Amino acid sequence: MESKSGLEQYLDNVCGEVKAKKMHAEIRSELSSHLDDLMLEQESLGASKAEAEVLAVAQMGDPKAVGKDLHHIHKPKTPWGLLGALLLFSAIGLLGMSSVDANPLETRIHESLLYRQSVFMLLGIMLMTLLYFCDFRRLQKLSWLLYIFSIAGIIASLKWGIYANGSRTYFLAFGGIVINLVSYSPYIVLVALAGIFSKFKADGKLGTKRNLLPELVILLGPAAAYIIAGPIPVLLLYLVCSLILYTWLSGVWLRSTLIGGFFLAAGLRYAWNNQQMRDRILGAINYNINPESSGFVYKTLNEVIGSAGWSGHGFGAEFGRLPYAYSDMLPAYLVYCFGWGGGLVLLGIILWFLIKLFSSIHAVKDYYGKSVIIALSLILAMGLFYGLLVLSGKMILTSIPFPFMSYGGHVLIEYAALGLLMGIYRRKDITPAEPESRTIREGL
């Protein structure tokens with residue numbers, strides 16, 4: 001058997017200290033380049049090739065010490081900032097549920113909100129932990145399956161959704177578990193799109209003219225399903241996030257602008273021709289137009305926020321006419337209880353979370369992983385941003401929940417999304433960087 005050269009043995013010794021085996025090839029390539037430069041330098045000074053090899057290895061230093069330093073660099077990293085913000089969100093959410101539980105209200109559900117929300121959060125933590133430790137790259141192979149499953153779930157909700165108050169809802173019952181697949185589907189669809197479009201990009205197809213039709217069909221397929229199903233807030237959430245993701249991946253901004261402009265124009269026309277929708281918009285703009293009908297909720301919301309003061313009305317304060325204080329109106333109820341000062345604390349936590357969320361994008365080298373982080377960061381950020389805008393009293397009220405905090409099973413998908421996102425970040429230094437895409441831009 002041919003004995004290894006001194007360089008090969010040195011590289012073996014270095015890599016022997018690095019547990020992230022998938023990084024060995026990248027480490028060997030980088031160290032080999034440094035050793036070659038050092039050898040050329042020694043040879044230019046008159047050393048023979050054998051002497052240059054010995055001197056280069058000596059200059060690089062002890063292989064075990066170098067390997068230990070590289071192991072410290074290439075090991076899983078925990079995103080403590082995101083995890084800390086999540087714990088604060090969870091604590092605030094449970095505090096809000098406890099406060100609502102502290103006073104008897106006719107509009108609340110019969111069971112303890114705190115107990116039920118605690119169950120949702122525990123289940124969410126289990127999903128988050130599972131996705132945190134799984135290898136996210138396996139999901140890319142399931143991208144088409146996730147895409148089809150999401151659209152099938154929307155269709156199934158239309159056909160088999162359970163009835164409530166005489167009308168069909170988007171909830172599907174699986175034994176004793178009830179799931180709203182329509183509301184959860186944007187998370188799954190966006191992860192699927194990140195995988196599908198990343199593969200197109202790696203193959204040099206994304207954004208090209210000849211691939212225009214398949215990309216439009218893939219991008220607008222879920223939008224068509226949401227239009228048929230009817231949930232406008234979910235449609236808007238999907239369109240904004242998917243178009244930003246597509247533009248970032250493809251670089252073809254004009255195509256995305258035209259699609260977004262078309263839906264914006266169609267949406268404005270639909271809203272203006274729909275009496276109920278028009279009244280809601282006018283009520284948000286100026287609640288005095290119809291203070292006892294479409295403007296009533298907005299009037300109440302402004303009164304609640306205005307009466308809070310800096311210290312609020314305290315834990316368990318009755319919120320009177322404010323509807324759904326434990327879900328849609330949770331941010332307003334928290335301000336009502338704990339004042340504008342408490343609202344500023346909440347704002348600070350949200351800003352900290354968003355900074356950590358988007359900074360993780362730059363830290364990840366894997367292109368598919370980066371795409372998934374962008375997709376999930378967008379949808380979580382939009383939910384938080386919308387929740388803050390509700391506090392202004394000028395935002396049209398919809399069914400978009402406040403992520404991580406407001407009551408409901410939506411926290412399951414939000415915890416799962418953050419678990420996947422943190423799992424990608426965790427592997428950022430143990431996942432080899434992908435080669436640059438060979439995509440050639442062809443414009444619109």
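Tutor: We will begin with the whole chain and then turn to two kinds of feature.

Student: What is in the chain, and how many helices and strands are there?

Tutor: This is a predicted model, and its chain has 17 helices and four strands. The C-alpha trace spans about 95 × 50 × 45 Å along its principal axes, and of the 444 residues in the chain, 47% are buried. Among the contacts with a separation of 6 or more, 70% are between residues 24 or more positions apart.

Student: How are two packed helices described?

Tutor: In general, one gives the angle between the two axes and the distance between them. Here, helix α15, residues 330-363, packs with helix α17, residues 410-426, at an angle of about 45 degrees, and their axes are 10 Å apart. That angle makes α15 oblique to α17, and the crossing in which α15 passes α17 is left-handed.

Student: Which residues of α15 and α17 meet?

Tutor: From α15 come F353, L357, S360 and A363, and these meet L418, L421 and Y425 in α17. Sorted by class, the contact of α15 with α17 has six nonpolar residues, one polar residue and no charged residues.

Student: Are W144 and Y147 buried, exposed or partly exposed?

Tutor: W144 has a relative accessible area of 45% and is partly exposed, whereas Y147, at 8% relative accessibility, counts as buried because the cut-off for buried is under 20%. The rings of F353 and F404 form another edge-to-face pair, with centres 5.7 Å apart and planes at 75 degrees.

Student: Where do F353 and F404 lie?

Tutor: F353 lies in helix α15, while F404 lies in the loop between α16 and α17, so this pair ties together parts that are 51 residues apart in sequence. F353 counts as buried at 0% relative accessibility, and F404 likewise counts as buried at 0%. F353 and F404 also belong to one aromatic cluster with F89 and Y415.

Notes. Residues are numbered from 1 along each chain as its sequence is written. This is a predicted model: local features need pLDDT of at least 70, side-chain atom pairs count only at pLDDT 80 or more; totals for chains, interfaces and linings use all residues. Side-chain values use heavy atoms; hydrogens and water are left out. Axes are lines fitted to C-alpha atoms, for helices over the stretch in contact, and angles run from 0 to 180 degrees between N-to-C directions. Helices (H or I, at least four residues) and strands (E, at least two) are DSSP runs, numbered from the N terminus. Angles under 35 degrees count as roughly parallel, over 145 as roughly antiparallel, 65 to 115 as roughly perpendicular and the rest as oblique. A crossing is left-handed if the near helix is turned anticlockwise from the far one by less than a right angle, and right-handed if clockwise. Contact means heavy atoms within 4.5 Å. Ala, Val, Leu, Ile, Met, Phe, Trp, Tyr, Cys and Pro count as nonpolar, Asp, Glu, Lys and Arg as charged, and the others, Gly among them, as polar. Buried means under 20% relative accessible area, exposed over 50%, partly exposed in between (1.4 Å probe, protein chains only). Rings of Phe, Tyr and Trp (its six-membered ring) pair if their centres lie within 6.5 Å; planes under 30 degrees apart count as stacked, over 60 as edge-to-face and the rest as tilted.
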